[in-house]
Amino acid sequence: MLQETIARVRAEIEAADLATAEQLDQFRIAYTGRKGQLADLFDQLKTVEPTDRRAVGQELNQLKQLAQARFEERQQQLEAGAANAPADPTFDYTLPPVPQALGTRHPLSLVREEIVRILARIGFNVAEGPEIEDDWHNFTALNFPENHPARDMQDTFFVKSGGADSAEAKAPASYLLRTHTSPVQVRVMQAQQPPIRSIMPGRVYRNEAISARAHMMFHQVEALFIDENVSFADLKQTVYYFVQELFGDDVQVRFRPSFFPFTEPSAEIDITCLICKGAGCNICKGTGWVEIGGAGMVDPAVLEQSGIDPERYSGYAWGMGIERITMLKYQIKDLRLFTENDTRFLRQFESLL
Ligand code: DAH
């Protein structure tokens, strides 16, 4: 009898296990779908005695509503993800979430950006050049003559093309990993006439054994100012400004006579030791001063080689080590920390962002 079938189907619908989306779908196909049992029951309604038909019809409609209500309620729950929540009743939903740790900027990047900001305020722009440089830009154009001992000062990684036995590999190498950022000066002057006011931060390479004080890869920032009537006084004032902005007003600067092939006169720039404030300690080897870079007036021969008229223009340049500056600023004692990527070291610079 139809009523009995309705009662059985009702019991089935009430008891149906709808834990998963798959079970819910099977439920829909079996009961409420177009070819489901309910459609079938509605079809059979015409076999019921006309006197009973109304009552049975009502019962069937209620059953259909029940099935639909179960289906929709469960579908909403599943969509809201409630069914995926961990079943563990001891889980404490009030616990704070596990923090997603953000990375931090590398101390060398922070210092490079600070240097760029300080010099941008007085009109310097940023220029870049290749790390694989040719011999001419790295040495010749900067007044390092062939076979000049100055070339030995910077132990160079030469780059050769071709296989070991090829003709190129046997010829003297004309490419190298740049040993300083000074070749970028030449590239800037070749590309542009004065006034030039540029800084050139970048990575440089030297064939050195790695230790706490030396590395085969480090960073420099070069500065170049070329215009009419530029003098050593301009260089000194700019370096004073730069050092005070970077390290603070109480740090002193001194220029020590030196030699570089591409500047005349040349000087080394020292600042008072930040650790002992000039009293003398093992960082400054008891002198109270530490070197941060080299500087000088661009040699007229370098201007000429780079396409700038030395009769009309003069200029100054400097080059400083970014690692050196960073070590002094944050009292870091071992260069190797910069490349080891130990997060216990790198995380300490988070607060400087
Ligand atoms: N290029 C030099 C070095 O790596 C540093 C230097 C000295 C750069 C004097 C300059 C400069 O621009 O004028 O040791």
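Me: What should I know about the model before I start?

Reply: The model is predicted, and local features need pLDDT of at least 70, side-chain atom pairs count only at pLDDT 80 or more, and totals for chains, interfaces and linings use all residues. Residues are numbered from 1 along each chain as its sequence is written, and side-chain values use heavy atoms, with hydrogens and water left out.

Me: How do I read a pocket, and how much space lies in the largest pocket?

Reply: Rolling a probe the size of a water molecule over the atoms shows where empty space is left. On a 1 Å grid over the protein atoms alone, a pocket is an open set of points where a 1.4 Å probe fits, with protein on both sides within 12 Å along at least five of seven lines. Points are joined across faces, edges and corners, and the volume is the space filled by probe spheres set on them. Here, the largest pocket holds about 1300 Å³.

Me: Which residues of its lining lie nearest the centre of the largest pocket?

Reply: Lining residues have an atom within 4 Å of a point. The largest pocket has 50 of them, with E291, I292, G293, G321 and R324 nearest its centre. Strand β9 contributes the most, eight residues; strands are DSSP runs of E, at least two residues long, numbered from the N terminus.

Me: How does that lining divide by class?

Reply: Ala, Val, Leu, Ile, Met, Phe, Trp, Tyr, Cys and Pro count as nonpolar, Asp, Glu, Lys and Arg as charged, and the others, Gly among them, as polar. In the lining of the largest pocket, 21 residues are nonpolar, 16 polar and 13 charged.

Me: Where does the ligand sit?

Reply: The ligand sits in the largest pocket, meaning that more than half of its atoms lie within 2 Å of the pocket's grid points. Around the ligand are 16 residues, the closest being H180, S182, R206, Q220 and E222; to be counted, a residue needs a heavy atom within 4 Å of the ligand. By class, this shell has five nonpolar, nine polar and two charged residues.

Me: Which polar side-chain atoms lie by the ligand's nitrogen and oxygen atoms?

Reply: Look for polar contacts, pairs of N or O atoms within 3.5 Å. A polar side-chain atom of S182 is 3.0 Å from a ligand nitrogen, and one of E222 is 2.5 Å from a ligand oxygen.

Notes. Helix = DSSP H or I, 4+ residues; strand = E, 2+ residues; numbered from the N terminus. Polar contact = N/O pair within 3.5 Å; in protein donor to acceptor, adjacent residues only side chain to side chain.
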